[in-house]
Amino acid sequence: MEPRNFDGDADRPRSAGAKQTGRVLVIGPYLRVRAGGADAQSESHIQRNAEARLDEAAGLARAIDLVVADAIIAPINQIRPATYIGKGKVEEIAALAKSLDVELVVMDCALAPIQQRNLEKELQAKVLDRTGLILEIFGRRAKTKEGSLQVELAHLNYQRSRLVRSWTHLERQRGGFGFMGGPGETQIEADRRLIQERISKLESELKKVQATRRLHRAGRQRVPYRVVALVGYTNAGKSTLFNRLTRADVQAADMLFATLDPTLRALNLPHGGKAMLSDTVGFISNLPTQLVAAFRATLEEVLEADVILHVRDISHEDAEAQQSDVDAVLRQLGINPDDSGRIIEVWNKIDRYDSEQREELLNIAARRPEDHPAMLVSAVSGEGVDALLAAIEERLAAKRTTLDLSIDAADGAGISWLHRNAEVLAKELHDGRFDMTVRVDETKRDIVVSRFDAVPRVA
């Protein structure tokens, strides 16, 4: 559905007829930004296209099987404390919601509890803001125990401030993870106590899960496998690229947040080495703060990764803004997005371009600084994947030392230790001794040098 601009004199749509389950009206209440004005100066990220923002919000609604009856841009000059948007626009949206016979109005912004309550009273429909919508998606998509715990914790922290903000004074839960169902049955004081008790229990359970993850991570660190993590805007093609690189079958769909729970698979490198590839949840603009905090444990795979692949949908009209949003989340996680020694930028979906446009992209990539290259790939066709694997291998090798050594063929314990703790690049038997070339992490370099009389390999 094409988004329409609802700015005062917009044409009213015809009646939608009989009411359908899950019908929703999506509103984009975006601030007008004057060139050079204070609003523009305060923007720390690239200004996003309003139509693309609204289309993304409608996509979020469809991701949980809601029927988008209409999607409207409602530009505003300033945020109103009571209802976020002005009184006139509230009245227009109320009339539109009634004519469309919708059950739910999605506001593509972060609403304060009082704003949500007031809008629900004025619109006579349930109202969901961007944070609530993303939480609802995450609640439906989480499959692992850790993912479910993290989503529920984030939801409860969000819900705690909205216990009395619905259009029936005792309504507490609204279906799913608490946004779209019917009225609750408990008093507000009991609700607060029960929610706090549940939060405490979830935090305790998450600590146990995180401890288990640390043990698994420590186990992987004892073998010579490095970690490569995929990050990027949601729907940038991370899961498709993950499947292409690892020959896995992780769900990959043209859908926002198709992948939520982290997945690890072995990655075979061009010269016989191996790494672990991690696929993580996609980022999105205005990602709720509580979700960044809740998913910090899941994203520890990114924090611990030796190489991070920032996958971008280079064909998207808001590709630059999406890059800015991902960089902002990385900074929140304590990762420098400009760390060229660790981050490789991957321009995905080049299959959507014709040969002339692709050549132009290649020229743009060639003009980038040498220490900030861009790898052009198509996760669908496989184009550019071999070059990407070579770049990954080169980055991983730069963090390790290559050593030559000779070991008695009868020293089974020593040979076994090398295979467990180093990457064996070459191994030849000569006169009862194995001549070996190994690549080791800096933490094990001195051990290999002293125990096996190894010497650095001459380039």
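Against which helices and strands do the buried residues of helix 4 pack? In this predicted model, local features need pLDDT of at least 70 and side-chain atom pairs count only at pLDDT 80 or more, while totals for chains, interfaces and linings use all residues. Residues are numbered from 1 along each chain as its sequence is written, and side-chain values use heavy atoms, with hydrogens and water left out.

Helices (H or I, at least four residues) and strands (E, at least two) are DSSP runs numbered from the N terminus. In helix 4 (residues 113-123), the buried residues are Pro113, Gln115, Gln116, Asn118, Leu119, Glu120 and Leu123, where buried means under 20% relative accessible area with a 1.4 Å probe, protein chains only. These buried residues of helix 4 pack against helix 3 (87-100), strand 4 (104-107), strand 5 (126-129) and helix 6, contact being heavy atoms within 4.5 Å. Gln124, which follows helix 4, has a positive phi, near 55°.

The largest nonpolar core has 42 residues, of which Val24, Val26, Val68, Val106, Phe283, Val302 and Ile308 touch the most other members; such a core is a set of buried Ala, Val, Leu, Ile, Met, Phe, Trp, Tyr and Cys residues joined through side-chain atoms within 4.5 Å. Among the elements that each supply at least two residues of this core are strand 2 (23-28), strand 4 and helix 5, whereas helix 2 gives the most, with five residues. A second, separate core of 25 residues includes Ala248, Ile344, Leu388 and Ala391. Not counting residues up to four places away in sequence, Ile308 touches Ala229, Val231, Val302, Ile335, Arg342, Ile343 and Ile344.

Definitions and conventions. Buried means under 20% relative accessible area, exposed over 50%, partly exposed in between (1.4 Å probe, protein chains only).
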